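Here are my notes on this model, point by point. Please read them with the coordinates open.

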Amino acid sequence: MVALGLAAVVAIIVAFGKLLGGPADPIGFGAQPQSAPSQVDPTHGDDGVVEHDPSPSPVVPTNDAQAMSVANKFAQQWIKHDRSATAWLDALRPHSTDTLVGELEGVDPDGVPADRVTGEARMEAFAATYVEVVIPIDAGLLRLRMVTERGRWLVDGIDWERV
């Protein structure tokens, strides 16, 4: 009986709200526009989809032959880890940025995971002054991050991955 009484009260409140309330959709959800605009104001900017060139122009590094040469010289010195840390670093220094030399100070060359280069280097260009040269070594792939500094290509980062 109580449930029936509550249902009647709810029904009366809903009916009373519909009679005294405004439009059926006061927020505007589902309401149809009164009329479509007949023209677009030419002073307003275009809000359409911005089209981007789907095929960016290829990146061509400046003097990529020099980058490959420096990378190969660096790799040949990097794999020669049968010498003192000072001699190893001194051999890498002419091909490296000051930042990389600072990171390599104190490194034990015995930790170098390779003994020989096993294939041809290839270049992956990212910008006109930033490339990565990948060199196959007996332990996987040596990745050298190359940047231009004072008009010359230098190695700025080293990584290697097993394959």
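1. Contact here means heavy atoms within 4.5 Å. Take contacts in the protein between residues at least 6 apart in sequence: 46% of them join residues at least 24 apart.

2. Provenance. This is a predicted model, where local features need pLDDT of at least 70 and side-chain atom pairs count only at pLDDT 80 or more, while totals for chains, interfaces and linings use all residues. Residues are numbered from 1 along each chain as its sequence is written, and side-chain values use heavy atoms, with hydrogens and water left out.

3. Overall make-up. The protein has four helices and four strands. Both are DSSP runs numbered from the N terminus: helices are H or I with at least four residues, strands are E with at least two. The order from the N terminus is α-α-α-α-β-β-β-β.

4. Surface. Of the 163 residues, 27% count as buried. Buried means under 20% relative accessible area, exposed over 50%, and partly exposed in between (1.4 Å probe, protein chains only). The protein exposes about 11,500 Å², by the Shrake-Rupley method with a 1.4 Å probe. Carbon and sulfur atoms supply 57% of that area.

5. The sheet. Four strands form an open sheet in the order β1-β2-β3-β4, with antiparallel pairing. β1 (122–127) and β4 (152–161) are the edge strands; each has a single partner, so one side of each lacks a neighbour in the sheet. The twist averages 25° from one strand to the next. Two strands pair if DSSP finds at least two bridges between them.

6. β1 pairs with β2 (residues 130–137) in the antiparallel sense over five bridges. E124 stands opposite E132 in β2. A127 also lies in β1. Is A127 buried, partly exposed or exposed? A127 counts as partly exposed, because its relative accessibility is 30%. Its C-alpha atom is separated by 9.4 Å from that of V147, 20 residues apart along the chain.

7. Helix α2. This helix (residues 64–78) lies across β1, β2, β3 (140–149) and β4, running at about 50° to β4. Axes are lines fitted to C-alpha atoms, for helices over the stretch in contact, and angles run from 0 to 180 degrees between N-to-C directions. α2 has 15 residues and reaches 21 Å from first to last C-alpha, close to the 21 Å expected at 1.5 Å a residue. The expected span is 1.5 Å times one less than the number of residues.

8. What does α2 pack against? Its buried residues are A67, M68, V70, A71, F74, A75, Q77 and W78. They pack against α3 (85–92), α4 (98–104), β1, β2, β3 and β4.
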